[in-house]
Amino acid sequence: MMHFRLFRPSIHAFTILLLFLVIPGRPLSAQSFITSENITDEHVQKAIQAIIEELYERKHEEYFWEPGTWPSGTSKRQVGGYTALTALALIHAGESYQDPRLRGAIEYLEKFEMIGTYAITLRASLWARLPDKYLPNLEKDVLWLLEAFNADTGSWDYSIKFSKSYWDNSLRQFGALALWEAAKRGGRIPKSVWKRIEEKFIEVQHENGSWNYRPDTMYSGSMTAAGLATLFITQDYLHAEESLRVSERVTPNQKSIDLGMKWLDENFSSSTNPGKFAYFYYYMYGIERVGLASGIKYFGGHDWFREGSAEIINRLCKWDPKTRTMIAHKKVGGKAHAGSVRTDNLGFSLLFLSRGRVPVAINKLRLPEMAWNNRPRDVANLTDFISKNTEQPVNWQIVELADEPEQWLDAPILYVATHQEIAWLKTNERATRSYVREMRDYQHKRSSGELPPDAAPPVRSNQPNTDKIKRYLDQGGLLLAMNETNSKQFTRSIEQMGRMMYPRYEWRDLPHDHWAYTIHTPIRRQRPSLRGLSNGVRELIILSPKGDLPRTLQGRDMKKESHYQTLANLYFYASEMDRQRPRLARHTKHHSGETTTNAKATIVHAMHEDNWNAEPQALESLAFHLAEQRQLDITIVEHSLSKIDAITPRPNLVFVSGVDRHDFNPNEQNAIKRYVEHGGVILFETTGGMGEFTLSSETMATTLFGGAIQSTLRTSIVTGEDLEPAPVLTRIGYRPYSLLEAFGARETTPRLRCLLVEDQPRVLFSREDFSNALLNQPIWGVSGYTHRSACDLLGNIIQYALQLP
């Protein structure tokens, strides 16, 4: 642990730092233009690598990344700053400090006696990202910053000597960021320093919410981002306890943040620095800082990372869609007669792309007209805890109830916390119980065939927000509902909403051996109470009914570390043991354009009285995938299993899914026998891969048809023979849980089995999961195929069924 004291030095004025000048403008060179609509994580990843290689190419043997010729108007007092910035960006991009290409620069920064504030702040931020052996270097630089801090102005000058009155918001930001990085590594920063920095930022904020560089300069996006990023830091260190009690009081810090965020909402641009029209890359670096600190995904309706990444890549890189390669421009915008791309701009851009690309662990849902953010740093502190315990950074963000639920799926958990009743639930408890009874009766009669498949369900009150949350859950999401102040209203309303969405399922207290208490860190003491609503395969909603866990998170109360560990366990469960995807990685259905149709097929999803539809979006996702990949036009029909033989024309495939053992009644068995003997293909699947549904199906089918169940490895379903353009599937992929827990060994061949009817594989069995895999969302505890392998196998099954007479 480092111990620092505040020392006020003498006063002296210095000149300006070297950084940040940029010539704005889009590239004019011929290339495939990347937009916010078509950008993918592949573009971002390859741009990061291209910038890394360009930076290494620029490295000088003696002065590393310092300018050979210093730009006009910059100060050589900041020598070392370019190298520190570049090294910091490379470390954030995943480069090793032990890499021979970087090691020399690290050694240079250790030995070099810096005198400039900007250079010192960047070097201190670098030390904070390196192993413990560099902590003495960090302590030395932070002591320098504390001695150079002018408490009167709440700022720094350009070196350790300062004038009585000089300040600027750029120096304030860089100093605060360096001290923040040190604090995260155990450094003790006096509260008086944080307080003066905050007071001065609030004091010089414009009435419209913006900030400028100095009193005699124009306000700008870059300086507004600087003010906001710093106030989020001071909110953590000065005001965390103020939000422990639920209150409508707004602190000066929060008022200033709200005003600044409003200005950014109204003035955000991904193509220029608002109000300044220069320092674009420095501005985007600030936007990334604010976006990650606040959790905000959109500024004024603009996805800052998506739009900012597209703009930066187009300015700095050339993308070749044919070879799928990216190279960094040496000239601004790739124009032959333009100036050279500056090294500091490459560094700021690399920080933006690398830090912004980090996976989002938790989406916090903003609930309009409700107290949804009583504890503004709860999720930020939780993701920080997760990052430290996984040694892999994760981010968080705020999403809107007005968004399409597919957008919430870029994180494995949707988090909602309040002490209030859910505002849109207008149905009372008695009406809910009545609706649940009616729906269960309806589902029973429809599954058994007493009602026609298209019979209308019971009517309930119109609740589009409830429908939207159900759509999110059906597509593989997990809702984590956190009750604040032990309010019974919130708990009742969440449980009521769950019953309305899923009348079949029952709320239950999570047992002590649940993943929430065991998956990563065993929770044996101070185990928080949790309730769950499951579809039999995975948890749909997990509710914290009491204990006010958000208060623990807000206050960083590590006396209740088990609460953090339990919530981190839920993250590991929902992310399939930290198998996250980068921010722009595709995770939902996405249209690539118009497609032609090669063939049409009908799939019947057979209804029975057990849990036949645990993943109701699975087959729709499959149909979408096959339309894109194989140009198959799939129609999905729900029909009672006991009447599948009566469907005309005969469907190409009957898909029978379930979770636990099912007793097939005589009507179901007769219908199955007649359907198959008339040329049909039927597939039995255990959704989730852990129950005995398929095992009971195998017992029934061998009695019904005779013969022995055998492998499908030599059938055209796996070999792809005569199923053009079906892939060969002799090697496929399984989910991590299958390989690590269910199988206990690595497997690469399909486990799909079959019964031959008239020498053809007409009755297929999968004890491994297909349905959950089709959603393409992470979750632990599911044993079965990967998303791609599930789609490929089912695609081959459908094409096989199509070619039968």
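Before I start, one term: a residue is exposed if its relative accessible area is over 50%, and buried if that area is under 20%. Also, what you see is a predicted model.

I will begin with helix α9. On one side of it, Lys255 and Glu266 are exposed. The buried residues of α9 are Asn253, Ser256, Ile257, Gly260, Met261, Trp263 and Leu264. Why do these line one face of the helix? Looking down the axis of α9, the buried residues fall within an arc of 155°, so they sit on one face. There is a general point behind this. An α-helix has 3.6 residues a turn, so residues three or four places apart point the same way.

What do the buried residues of α9 pack against? Their partners are the helices α7 (191-203), α8 (221-238) and α10 (280-294), plus the strands β1 (211-212), β2 (219-220) and β3 (298-299). As for its dimensions, α9 covers residues 252-267, which is 16 residues, and spans 23 Å from first C-alpha to last, close to the expected 22 Å.

Next, helix α1, residues 41-58. It has 18 residues and reaches 26 Å from its first C-alpha to its last, close to the 26 Å expected. Its buried residues include Asp41, His43, Val44 and Tyr56. The buried residues of α1 pack against several elements, among them α2 (81-92), α3 (100-111) and α12 (343-356).

Now the sheet. Seven strands form an open sheet, and the order is β15-β14-β16-β17-β20-β19-β18, with mixed pairing. At the edges are β15 (632-640) and β18 (710-711), each of which pairs on one side only. Helix α15 (residues 429-448) packs on this sheet, where it touches β14 and β15, and its direction makes about 110° with that of β15.

Let me stay with strand β16, residues 653-658. It pairs with β14 (residues 599-607) in the parallel sense, over three bridges. In that pairing, Phe655 of β16 is the bridge partner of His605. β16 is also joined to β17 by six bridges, again parallel. There, Val656 stands opposite Phe684 of β17. Between β16 and β17 the chain passes through helix α22 (residues 666-677), and this β-α-β crossover is right-handed.

In a regular strand the side chains alternate between the two faces of the sheet. For β16, Leu653, Phe655 and Ser657 point one way, while Val654, Val656 and Gly658 point the other way, and all are buried. Since six of the six residues of β16 are buried, the strand is largely enclosed by the rest of the structure. Helix α23 (residues 693-705) lies across β16, β17 (681-686), β19 (753-757) and β20 (760-766), and runs at about 150° to β17.

Where is it? Thr712 is in the loop between β18 and α24 (716-719). Is Thr712 buried or exposed? Its relative accessibility is 0%, so Thr712 counts as buried. Neighbours within four places in sequence aside, Thr712 is in contact with Val718, Leu752, Arg753, Cys754 and Leu764.

That is what I have for today.

Terms used: Residues numbered from 1 in each chain as written. Predicted model: local features only at pLDDT ≥ 70, side-chain atom pairs only at ≥ 80, totals over all residues. Heavy atoms only, no water. Helix = DSSP H or I, 4+ residues; strand = E, 2+ residues; numbered from the N terminus. Expected span 1.5 Å × (residues − 1). Buried < 20%, exposed > 50% of the residue type's maximum accessible area, 1.4 Å probe, protein only. Arc of directions from axis to C-beta. Contact = heavy atoms within 4.5 Å. Pairing = 2+ DSSP bridges. Axes fitted to C-alpha atoms, helices over the stretch in contact; angles between N-to-C directions. Right-handed = clockwise from strand over helix to strand, strands pointing away.
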